[in-house]
Amino acid sequence: LMEPLYKLEVVDVSIENANNSDVRVQATVEVSLDVIDNASLETLDSKDENIIVKNESANVLTKCDSGKATINIQDDFDLKQNIEQVVFKCASVCVKDVTAGTGYFTVEGDVFVKACVLLTNGEDKTYKTISEVINFKEEVDAENITKDSMLEIAPCVKFDEVAFTVSGNGEINNMLNVSVPVIIRYVALKMTDYQMPCDAYSLTYKLNLVTDTFFTSNVNKQLLKHHLEGNIEIDEMMPRINKIIMVNGGNVNLTTIKGEDGKLLLQGVFTANVVYLADDDDETKNSVQVEVPFSLELDMNNIKIDDDIFVIASVGEVTCKAKKGKEIDIDADLSFSVENYSKTAQTFVKEVVLTEEIAHSPYPLAIYLAPAGSTLWDISKKLNVQEDVVISQNPNLVFPLDKPESIVYFNQR
């Protein structure tokens, strides 16, 4: 097995206990593994000159490189006011395109950054939520990659090194400086043309074929987008909402992934934490977790019902608005990086078992009525002779036969 490509996803978070100094949080994390298995094929390798083997071309993917690299995505944002504190920050990544070169590959995508900052203007203090998209296009060195390589990518943000700092001109700190390290795990594959034995016969013996099967995959990649809208009503015991000050995070938990011809069906839940000021004299801060279930049917080219499908969901801009003091309208931009694998079975001969010697006809001439559609291989195998013998004795035939033909065979034994 090669190093797996994996994705970590928080599917549930709850606060078990909280006091003035500590908060105990319980989280459920789902780990998805995409593992490429190296398999060896034991094919027929006969040294017997009397055994005639038919080979067919098969395209097989083999590994040419793998590893991981870290790219650092940076940008600066002018908030026009003094930034006193970064209260909250988070980031996510979505890869839109990967292009292989010679000794490198280019990865292109978006980093979604969100933050809640405390702004000051004299004695006035206000909270502001920042939601921005940083486009990136970076080259990653990979010695054994060529332009024909096919790349499998698993991106993730290195959260413990995400940095949101502030700077300014000496009078106010109005610049929010964002640095997001992104880990790119990759496996590079190359398409190799193998000649696989698919049939065999013997000139002297009857034989049984021992076969085996392997699967080849055609890979289709697409980036799909969806704008999600929802509405939730907060618990009646929660204080009424005066003003929403920030939206923490934003996560998608996919519960159902299913392909149909030309359609991708996704079911899941979008979650986020909304922090708001209560509609009371003290404007106390409160938070509530919002959950928006969804069921989507997205158009997707070249997807079939029995494909293996892998989806990585990313959350872009999230907007929440208070409604009637007890309701929250949610708008979220979702991206789905989809890979679907269509499998094709390939059968090959791994061994031949000789049974009994062929009893040759005592007559010098034989005529075989070959049905329409017969190939040169079919006829030669039926007669247990070399293909060039059939051609030399029936020079006017064109294969495959478009109608039944009488095949003349002069016994040369």
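This report describes a sheet, a surface patch and several salt bridges in the structure above.

The model is predicted, and for that reason local features need a pLDDT of at least 70 and side-chain atom pairs count only at pLDDT 80 or more, while totals for chains, interfaces and linings use all residues. Residues are numbered from 1 along each chain as its sequence is written, and side-chain values use heavy atoms, with hydrogens and water left out.

**The sheet**

Strands here are DSSP runs of E with at least two residues, numbered from the N terminus, and two strands pair if DSSP finds at least two bridges between them. In the order β4-β5-β6, 3 strands form an open sheet with antiparallel pairing. Because β4 (82-100) and β6 (124-141) each have a single partner strand, they stand at the edges, and one side of each is left without a neighbour in the sheet. Neighbouring strands of this sheet are turned by 15 degrees against each other on average, direction ignored, where the axes are lines fitted to C-alpha atoms and angles run from 0 to 180 degrees between N-to-C directions. Strand β5 (residues 104-121) runs antiparallel to β4 and is joined to it by 16 bridges; threonine 99 stands opposite threonine 106 in β5.

**The salt bridges**

A salt bridge is counted when a side-chain nitrogen of Lys or Arg lies within 4 Å of a carboxyl oxygen of Asp or Glu, and by this rule the count comes to 12 salt bridges. The table gives some of them.

| Pair | N to O distance |
|---|---|
| Lysine 80 and aspartate 78 | 3.4 Å |
| Glutamate 339 and lysine 221 | 3.8 Å |
| Glutamate 405 and lysine 403 | 2.9 Å |

Glutamate 339 lies in strand β15 (residues 327-357) and lysine 221 in strand β10 (residues 205-233), so this pair ties together parts that are 118 residues apart in sequence. Glu339 and Lys221 are also linked with Glu152 in a network of salt bridges.

Residues are called buried under 20% relative accessible area, exposed over 50% and partly exposed in between (1.4 Å probe, protein chains only). Glutamate 339 is buried at 12%, whereas lysine 221 is partly exposed at 39%. Lysine 403, at 45%, is partly exposed.

Definitions and conventions: Helix = DSSP H or I, 4+ residues; strand = E, 2+ residues; numbered from the N terminus.
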